[in-house]
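Please keep the sequence and the 3D view open as you read.

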Amino acid sequence: MRIFFFLSFLACIISCNNTADTTATDTAEDAAEETNETPNLAFEKEVHLNNVQQLTFGGNNAEAYFSFDNTHLVFQAENPAWGAECDQIYYMPIGGFEGDTPPLLSTGKGRTTCAYFMPGDKSILYASTHLGGDECPQMERPANGLYTWPIFKDFDIFVADLEGNITKQLTTNDGYDAEATLSPDGSMIVFTSTRSGDLELWTMNTDGTNMNQVTSGLGYDGGAFFSPDGTKLVFRASRPQTPEAQKTYKDLLAKGLVQPTNMEIYVCNVDGTDLQQITNLGKANWAPYFHPGGEKILFSSNHHVESGRQFNIFSIDLNGENLQQITFDETFDAFPMFSYDGKKLVFSSNRNNGGGRDTNVFIADWVD
């Protein structure tokens with residue numbers, strides 16, 4: 001998660017010649033209209049994707065997740081044209097929204113992350129810093145130039161209805177509580193927290209009770225999702241091994257920062273038992289999500305390019321075998337999520353943005 005900061009980093013390392021506005025996207029759309037052709041949004045090798053459609057145009061749009069009835073998506077966006085100078089939460093039908101701006105579900109204050117539909121599709125779960133201030137919180141950047149993500153201590157987890165009214169605050173810990181997602185049966189939430197002193201996975205009931213720590217290894221555990229049967233969790237994790245790496249991790253965390261350039265994909269039971277490392281690819285492997293069959297995982301990675309400047313979606317079996325590249329955009333594909341019926345895949349990509357920096361939400365029919 002932490003999409004705003006990741007995309008800011010990606011924009012810097014990929015190109016210094018592009019401008020962060022919607023001009024390039026508008027040009028691409030205009031060109032398609034002039035030729036009366038629908039742009040081909042899938043690449044030739046993307047054999048698992050059919051009928052790819054673009055749902056947003058301009059800004060940074062990501063982490064789109066399906067409603068239980070598969071008719072709507074909740075997502076976060078940073079788009080000055082919508083009045084969102086840093087990430088806020090929106091939702092839309094799976095065919096895209098009408099008008100200039102989709103409905104805003106967060107407060108419009110502070111910074112938000114990781115929204116997810118609650119049971120019944122009448123409310124959402126998300127994290128926000130708005131109790132710590134109305135403005136976008138700013139991170140302290142380390143003097144050594146390391147690329148880092150901020151771990152804002154003002155993040156807490158809330159439930160809001162589809163009118164944007166907060167109906168419940170689930171966490172009150174003086175520290176980072178965010179990255180919350182829901183089990184398929186709607187009974188349990190998994191989230192990342194610093195309440196133990198490190199960035200670990202925790203679970204709780206949907207009313208905020210019965211909190212249990214899941215992971216305990218030194219490093220950043222985050223971006224967790226439940227398996228289709230609700231018995232396992234898949235997540236990304238850093239595991240600094242050397243004394244020097246461990247010291248760097250601890251020093252950064254003390255400043256509310258993490259360095260997410262080396263992460264692998266892990267799976268464990270919901271109670272933390274049977275922890276298994278699924279990937280051993282090097283570089284940044286993240287944004288994992290279970291395939292509907294429960295026996296393989298989709299995730300985003302830059303391991304396949306020496307520069308580390310290209311992220312694509314891959315699949316891998318739970319035993320760590322049969323690695324397969326799913327998407328082939330030359331810049332950025334990430335945040336895959338399947339609809340609950342397994343028929344569609346939603347993801348975020350830099351494709352079809354005219355060479356600019358915009359990241360948009362796309363949806364496709366999934367082909368096994």
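Cys268 is buried, at 0% relative accessible area, where buried means under 20%, exposed over 50% and partly exposed in between, using a 1.4 Å probe and protein chains only. Cys114 is buried too, at 1%. Bear in mind that this is a predicted model, in which local features need pLDDT of at least 70 and side-chain atom pairs pLDDT 80 or more, while totals for chains, interfaces and linings use all residues. Residues are numbered from 1 along each chain as its sequence is written, and side-chain values use heavy atoms, leaving out hydrogens and water.

Searching the whole structure turns up 1 disulfide, defined as a pair of cysteine sulfur atoms within 2.5 Å. Its partners are Cys86 and Cys136, with sulfurs 2.3 Å apart. Cys86 sits in strand S4 and Cys136 in the loop between strands S6 and S7, so the bond ties together parts 50 residues apart in sequence. Strands are DSSP runs of E, at least two residues long, and helices are runs of H or I, at least four, numbered from the N terminus. Cys86 is buried at 2%, whereas Cys136 is partly exposed at 23%. The S-S torsion is about -100°, so this disulfide is left-handed.

Now turn to helix H3, residues 243-254. Tyr249, Leu252 and Leu253 are its buried residues. After H3 comes Gly256, with a positive phi near 75°.

Terms used: The expected span of a helix is 1.5 Å times one less than its number of residues.
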